[in-house]
Amino acid sequence: MLKDLEHFQELAKYLLQNETDEPVAKLIEPKILEGQLQLQLSEQGINDNKHQELLKDILRFTPKTNTNRFFNQLFGGRQSKGVLGELLAVMLNNSMYTYKVAGPQVGIEKAVINASIKQINYPVEAGGTFPTGGSMSNFMALLMARDWKQPDAAQEGISSKMTLYTSAVSHYSNAKNAAFAGVGRKQIRKIACNDKDEMLPDELEKAILNDIKAGYQPFYINATAGTTVLGAFDPVNEISAIAKRHGLWLHIDGAYCGSLIFSEKYKHLLGQVNLADSFSYNAHKMLGVPLTCSILLVKDKKHLYQSFSNEASYLYQSADDDFNLGKTSLQCGRRNDALKFWSLWKSIGTKGLEALIDKQFYLADVARDYIRSSADYTLYSYDDSISLCFNYKNWDAEELCTRLNVNGELMVGYGHQNNQSFVRLVTINPNNEKEDILNFFKVLEEQAK
Ligand SMILES: *Cc1c(COP(=O)(O)O)cnc(C)c1O
């Protein structure tokens, strides 16, 4: 093992240097990938030197998500104490289902969940878990809502057509999850939004009333805190009043921007989170914890037990349910996603998490000011968002982004809203500085020439 740890350190150092030398990996066409990187597996193994050289090549050509040229996704940049925690989780290789096997790691997961609960002022009955990602957090919330509305559903299957509500621009996992939950994709009502992509509460209530009249059973509203394209926030306070009026579960999908709970300056954008029955956020997005790290919080933890606990005498061999985390998770074996977040949080404190968030908004302001200051740019996104959607001159967004990537200059994505496509720059990497953002525009303009 020690030898491979030395190998690891050599490879990690190589990668860090390579990220400086080649911040955008050269694109390998998928058709020639297998041959070029010698990915084929065979009967005989290879020696360590060859193995090490192959791994180096693979590192070199894998897209670099940690550099100051990566703006392509809703994550980016390394938080080193998060990486440290992740590496140790791999070394320990616990499974999080029981206290017997996970020991102090259970306490670590509970510490993160309890501190998150405190952050949103949920009551003492609240609980939570670490699903495999934001999509799975949404799925677990949907299942709890289904079982709450139809307590027989888990045993008998659902007994009447249930309907759920989410904005037209919400994450696509909502559609898949409705299918998985036995509710059906056709039972989703996609509620219209205003210009800023915020769900319209009046439209929501109208749709619910229509469904009640038509004999459906409305049961679940998904409000998005940070939509995937524009970074918009659904009006949680108004939506909550509607949910209460008609007896629906309210879940807030904060996968993208739920981490604003840590920022005094920006948390008002979320609305009053503790009005919701459940809330999820991805620490692997705005907080820079290595993928994946998603936290699902529930206002009353009994719902987690009702939907996810199952007796298993071969597994649960010590008494305290509260420390046997498998009773509230979807999986059986579950990797340790808590240690990396705990390691970061412990190291920099809640104040440090806040600084990460506020830095991203500062970088977004730098970018927005630049875009607004030049007649060559058109801005499509709004203030209070770290997703900057814009076009440059007459360039087609897709063509410009592809060119920047193929030429090894920048990784940035494009998106669209109402048939308008645009470049989407996400200032989510707090390791960047003002110069990195200004350099983004410089490189883009040079390529466009
Ligand atoms: C990223 C995202 C998700 C999905 O999270 P995964 O961890 O990728 O499954 C869900 N909802 C929103 C709003 C997101 O931005």
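Guide: One definition comes before anything else: two strands pair if DSSP finds at least two bridges between them. Please also keep in mind that this is a predicted model.

Visitor: Understood. How many bridges join strand E5 to E6, and do they run parallel or antiparallel?
Guide: Strand E5 (residues 217-224) is joined to E6 by 5 bridges, and the two run parallel. Tyr220 stands opposite Trp249 in E6, and Thr224 has Asp253 as its bridge partner there.

Visitor: Which sheet do they belong to?
Guide: They lie in an open sheet of 7 strands, ordered E2-E8-E7-E6-E5-E3-E4, with mixed pairing. Strand E2 (127-129) and strand E4 (188-191) are the edge strands, each pairing on one side only. On average, neighbouring strands of this sheet are turned by 20 degrees against each other, direction ignored.

Visitor: Back to E6. How many of its residues are buried?
Guide: Strand E6 (residues 249-254) has 6 of its 6 residues buried. In a regular strand the side chains alternate between the two faces of the sheet. In E6 both faces are covered, with Trp249, His251 and Asp253 buried on one side and Leu250, Ile252 and Gly254 buried on the other.

Visitor: Which helix lies across E5 and E6?
Guide: That is helix H11 (residues 236-246), which runs at about 155 degrees to E6.

Visitor: What about Met162: buried or exposed?
Guide: Met162 has a relative accessible area of 0%, and buried means under 20%, so Met162 counts as buried. Its place is in strand E3 (residues 162-167).

Visitor: And what is Met162 in contact with, leaving aside its neighbours within four places in sequence?
Guide: Its contacts are Arg146, Lys149, Gln150, Val183, Gln187, Gln217 and Phe219. As for Asp211, Met162 is 49 residues from it in sequence, and their C-alpha atoms are 9.3 Å apart in space.

Visitor: New topic: the other open sheet. In what order do the 5 strands come?
Guide: The order is E1-E11-E12-E10-E9, and the pairing is mixed. Strand E1 (70-71) and strand E9 (377-379) each have a single partner strand, so one side of each is left without a neighbour in the sheet.

Visitor: How do E11 and E12 run?
Guide: Strand E11 (residues 411-417) and strand E12 (residues 420-426) run antiparallel and are joined by 5 bridges. Gly413 stands opposite Arg424 in E12. Helix H15 (residues 434-448) lies across E1, E9, E10, E11 and E12, at about 25 degrees to strand E10 (387-392).

Terms used. Residues numbered from 1 in each chain as written. Predicted model: local features only at pLDDT ≥ 70, side-chain atom pairs only at ≥ 80, totals over all residues. Heavy atoms only, no water. Helix = DSSP H or I, 4+ residues; strand = E, 2+ residues; numbered from the N terminus. Contact = heavy atoms within 4.5 Å. Axes fitted to C-alpha atoms, helices over the stretch in contact; angles between N-to-C directions. Buried < 20%, exposed > 50% of the residue type's maximum accessible area, 1.4 Å probe, protein only.
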